[in-house]
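Hi,

Here is the structure I promised to pass on to you. Please open it alongside this email, and then read my notes below.

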Amino acid sequence: MKSVIAKELVKNYRVKSVGKKSKDADSKKIVRALDSLSLEVEEGTVLGVLGPNGAGKTTTVRVLTTLLKPDSGSAFVGGIDVIKNPHEVRKIIGLSGQYAAVDETLTGWDNLVMFARLHRMKPAAATKRAEELLEQFSLTDAARRPIKTYSGGMRRRIDLAASLIVRPKVLFLDEPTTGLDPRGRQEMWGVINSLVDSGVTLLLTTQYLEEADQLADEIAVIDHGRVIARGSADELKRQVGGERLEIVVEAEHLDAVREIVARISHSVIIDRDLRQVSAPVSTGTKALIEAVKALDDAQIHPLDLGLKRPSLDDVFLALTGHSAEENETETLMKEER
Ligand SMILES: Nc1ncnc2c1ncn2[C@@H]1O[C@H](COP(=O)(O)OP(=O)(O)OP(=O)(O)O)[C@@H](O)[C@H]1O
Ligand SMILES: [Mg+2]
């Protein structure tokens with residue numbers, strides 16, 4: 001069964017531009033945030049919605065969590081129509097937005113109890129649920145401190161805990177690890193993985209290719225409000241071709257290494273600045289072993305040598321013709337609002 005279905009969602013925003021031209025009639029620009037976006041999430045699985053700044057990730061999440069009405073298209077969560085029955089949808093979902101929803105001045109404990117009470121839980125049940133969640137997210141020690149004293153990682157965890165008060169069937173996480181340091185990110189990944197093990201259906205957005213690779217069963221790559229590719233991380237990586245053999249040697253050996261690699265692969269590239277020879281290979285580690293043997297026979301000792309699988313960054317470049325960072329103009333526009 002599909003827990004989440006979005007069909008041809010369209011959402012336009014009107015943006016009033018500020019600055020010189022603001023008096024012109026055409027200064028009201030329309031931004032198409034969702035441009036016939038469709039996606040599905042199978043029950044009990046994780047969909048990673050991957051896209052750069054301004055791709056439409058938050059807008060998608062806001063539509064699916066009933067916070068925003070699309071201009072056209074339809075959406076169902078847990079079989080319920082998001083546009084017709086938003087109240088019913090809200091009962092079965094959890095949302096941890098891109099920006100924390102917790103009250104900074106209250107303690108972690110107070111925040112969770114407050115959220116539970118907002119969900120109409122009785123005081124005793126609310127306290128019990130708050131304590132369970134604090135324990136689950138390793139926040140018991142910090143429970144009586146105001147949120148403003150929490151680290152970035154602790155904030156994201158308390159925010160996630162708040163979204164789990166009613167044990168949602170479907171959980172939406174908008175960029176759960178943005179702004180966290182590597183350790184905070186690892187911790188968050190652990191927390192998210194244990195949630196997934198407990199059976200929740202998850203839609204998460206991310207700009208981190210590695211994160212989608214780590215957490216998601218399936219990835220939908222979005223750009224300019226459309227899904228431009230979908231598949232498992234491995235399937236997407238395969239779209240950019242197989243693995244590459246990369247060998248770094250002292251400059252004087254570059255030509256000899258090129259000849260060796262040419263016996264293994266049909267197209268060899270030399271980068272003299274990086275002192276690197278690289279080539280696509282289809283036989284994986286077998287090609288690596290062949291290369292090592294031939295280098296050893298020729299008494300060439302590489303400085304570095306390996307088999308590189310394409311990253312999801314490479315996938316993005318191959319799919320869109322531009323790197324994930326090149327949407328910056330859109331972001332600027334967004335900040336000017
Ligand atoms: N309230 C709004 N008013 C006008 N334009 C908006 C509004 N919200 C988003 N947009 C525009 O819609 C597009 C999609 O924005 P959205 O926030 O969904 O992107 P995103 O993928 O979540 O980006 P980020 O990674 O920066 O969070 C962008 O071009 C953005 O500028
Ligand atoms: Mg966003």
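What follows is a short tour of what I found in it.

First, some housekeeping. This is a predicted model, in which local features need pLDDT of at least 70 and side-chain atom pairs count only at pLDDT 80 or more, while totals for chains, interfaces and linings use all residues. Residues are numbered from 1 along each chain as its sequence is written, and chains are lettered from A and ligands numbered from 1 in the order in which they are written.

**Overall picture**

The C-alpha trace of the chain spans about 75 × 55 × 45 Å along its principal axes. Its secondary structure comes to twelve helices and 14 strands; these are DSSP runs numbered from the N terminus, with helices being H or I of at least four residues and strands E of at least two. Of the 337 residues, 34% count as buried. By that I mean that 20 or more other C-beta atoms lie within 10 Å of the residue's own; exposed means 12 or fewer, and partly exposed is in between, with C-beta atoms placed from the backbone. Among the contacts with a separation of 6 or more, 69% are between residues 24 or more positions apart. A contact here means two C-beta atoms, placed from the backbone, within 7 Å.

**The six-stranded sheet**

One open sheet has six strands in the order β6-β7-β8-β3-β9-β10, with mixed pairing. Because β6 (93–96) and β10 (226–231) each have a single partner strand, one side of each is left without a neighbour in the sheet. Neighbouring strands are turned by 15 degrees against each other on average, direction ignored. Angles run from 0 to 180 degrees between N-to-C directions, using axes fitted to C-alpha atoms (for helices, over the stretch in contact). Within this sheet, β7 (residues 170–174) and β8 (residues 201–206) are parallel and share five bridges; Leu171 has Leu202 of β8 as its bridge partner. Two strands count as paired if DSSP finds at least two bridges between them.

**The four-stranded sheet**

A second open sheet runs β12-β13-β11-β14, with antiparallel pairing. Its edge strands, β12 and β14 (304–308), pair on one side only, and the twist averages 15 degrees from one strand to the next. β11 and β13 are joined by six bridges, including Val248 with Gln276 and Glu243 with Val281. Three bridges link β12 (residues 269–271) to β13, where Asp271 stands opposite Gln276. The hairpin of these two strands has four residues between them, and Arg275 takes a positive phi near 55 degrees.

α9 lies across β11, β12 and β13, at about 10 degrees to β13. α10 lies across β11, β13 and β14, at about 20 degrees to β11.

Which residues of α10 are buried? They are Ala287, Ala291 and Leu295. Seen down the helix axis, they fall within an arc of 70 degrees, so they line one face of α10; the arc is that of the directions from the axis to the C-beta atoms. These buried residues pack against β11 (243–248), α9 (254–262) and β13 (276–281). On the other side, Thr285, Lys286, Ile289, Lys293, Asp296 and Asp297 are exposed. After α10 comes Gln299, with a positive phi near 55 degrees.

**Cores**

The largest nonpolar core has 44 residues, and those with the most contacts inside it are Leu47, Leu64, Ala75, Val77, Phe172, Leu203 and Ile219. A nonpolar core is a set of buried Ala, Val, Leu, Ile, Met, Phe, Trp, Tyr and Cys residues joined through C-beta atoms within 7 Å. Strand β2 (residues 28–42) gives this core its largest share, five residues. Beyond its neighbours within four places in sequence, Leu47 is in contact with Leu39, Val41, Leu203, Ala216, Glu218 and Ala220. Apart from this core lies another, of 20 residues, among them Ala116, Leu133, Leu134 and Ala142.

Best wishes
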